[in-house]
Amino acid sequence: MPALGLTPESRRHSSWETKQPRARANYRPERVADTRPSRCLHFKTSGIFRHFVIRCHSIGEKMAADQTLKAVTSEPDFLQFNDLACEMAGGKVIFATDEWFAPAQNLLKREPAEFIATAFTEYGKWMDGWETRRKRIPGHDWCIVQLGVPGLIHGVDVDTSFFTGNYAPSVSIQAACLRTADEIPSLVQEGDRMGKAAAETEFEAVAELHSETWAELVPVTELKPGYPDSCHNYFPVTFAHRVTHIRLNMYPDGGIARLRVYGIGQKDWSADPSSDLVDLVALVNGGVCQGYSDAHYGHPRNMIGLGRAPNMGDGWETARRLDRPKVLETDEKGILQVPGSEWAVFRLGHPGVICNIEIDTNHFKGNFPDSCKIEACSLTAEEEEQYLSARWASDERGKWKILLPPQKLKPHHTHLFSEETLEQTEVVTHVRLVIAPDGGVSRLRLWGHPKAVPSSDAQKLTSKL
């Protein structure tokens, strides 16, 4: 971390340099972390529990914390959707006009941006994001991102973290659905891109996409600087078409730390033979988390990500429940007898019959749940809306039925449950994973056959949260 009283920008250069001219935001000194005990505030937003840690040790710090709390509670609902562009989901930058200070692929990193005050490269200050040189020729900088998971986009976060005197003044975003390989020229810009700009041959190749004519998702809009209380630039999107690629335009140049593209994957189910088992809840197949009780250390949507988790951070983990008995006891099956539990609700990418279940506690060795169960139901769009409005807290209609009865879990282990263990063979649209008393799960896989819901219940589900 930078020394007390110094902002990242004040230590950015070892020699004199002016900042890029633009409207100057009010100065906000960098917040310096400390190791004093924290107070935790829990609150609800849009029916979904969130958790935020603040430190309050003086009146001034409390005022700052109140401002931060206000900012967090105003976060848009679309942040609960999946990040379709994340490199962990297969997203990649296939073209960028310039990558002098920092390569555009950094935009898609899963981890939040970081700042290292003493880090420099031969091209200038090292920055964790995409930063272009100060443009001295006509035009503006832009890049094209191929989504890891094509789908419907509901919102975008253009994050300028730590770019305070060098952030891009304005951006716009365009989108397209390129359906065949013939529509996509070879545009992979391989190797270390730092200190480079696109070659003439690369500009000629990308011109075949005519990306300047793509549909507009976000019009030209000013960005805010990368201070903690202003770095997230949220843009809701209303575009009812499948997207495979987006074009991020920055005007005219500068830096952006992260680009998050929130939405729901959209799969072409007609290409899958009905006899094949498919992971019906997977991110790539359109699965989405619609609610949860607690996500202190990790969001439940991580459980439907690609592959096995690289570490414990890429899973769902709750706080320790405070209602645990002082002395724990088990039943005849060895399952802890506790009063509370945690849950997460998912809508399947396609209605279907679930045949096999995989629950992976990979990396969760001292914090795995003692047991779990899975409930399932089939909901119409109207019923889904009612459950969402009630924050999934009640089941007056009695729709939820046991799919997987309570099972004892092990640490750092892949648990496989076959069809013989399951208690339902009906078509379902939603599942609820319940863990007791708390802990973490790395991955959830629901293998089954896509099926149409009965005609009396047939109604296209919405994408609301």
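This is a predicted model: local features need pLDDT of at least 70, side-chain atom pairs count only at pLDDT 80 or more; totals for chains, interfaces and linings use all residues.
The protein chain contains three helices and 26 strands, and 52% of its 465 residues count as buried. Contacts between residues at least 6 apart in sequence were also examined, and 80% of these join residues that are at least 24 apart.

In soluble globular proteins, nonpolar side chains tend to be buried together. In the present model, the largest nonpolar core comprises 71 residues, and the members that touch the most other members are Leu259, Ile354, Ile357, Ile359 and Ile374. Strand S9, which spans residues 141–159, contributes seven residues, the largest share of this core. Apart from this core lies another one, made up of 12 residues, including Ile144, Leu178, Ala198 and Leu209. For Ile354, when neighbours within four places in sequence are set aside, the residues in contact are Leu280, Leu348, Leu403, Leu422, Gln424, Val428, Val431, Leu446, Trp447 and Gly448.

Strand S18, formed by residues 288–292, is mostly covered, since five of its five residues are buried. This strand runs antiparallel to strand S20 (residues 342–360), to which S18 is joined by four bridges. Within this pairing, Gly291 has Val345 of S20 as its bridge partner.

How values were computed. Residues are numbered from 1 along each chain as its sequence is written. Side-chain values use heavy atoms; hydrogens and water are left out. A nonpolar core is a set of buried Ala, Val, Leu, Ile, Met, Phe, Trp, Tyr and Cys residues joined through side-chain atoms within 4.5 Å. Buried means under 20% relative accessible area, exposed over 50%, partly exposed in between (1.4 Å probe, protein chains only). Helices (H or I, at least four residues) and strands (E, at least two) are DSSP runs, numbered from the N terminus. Contact means heavy atoms within 4.5 Å. Two strands pair if DSSP finds at least two bridges between them.
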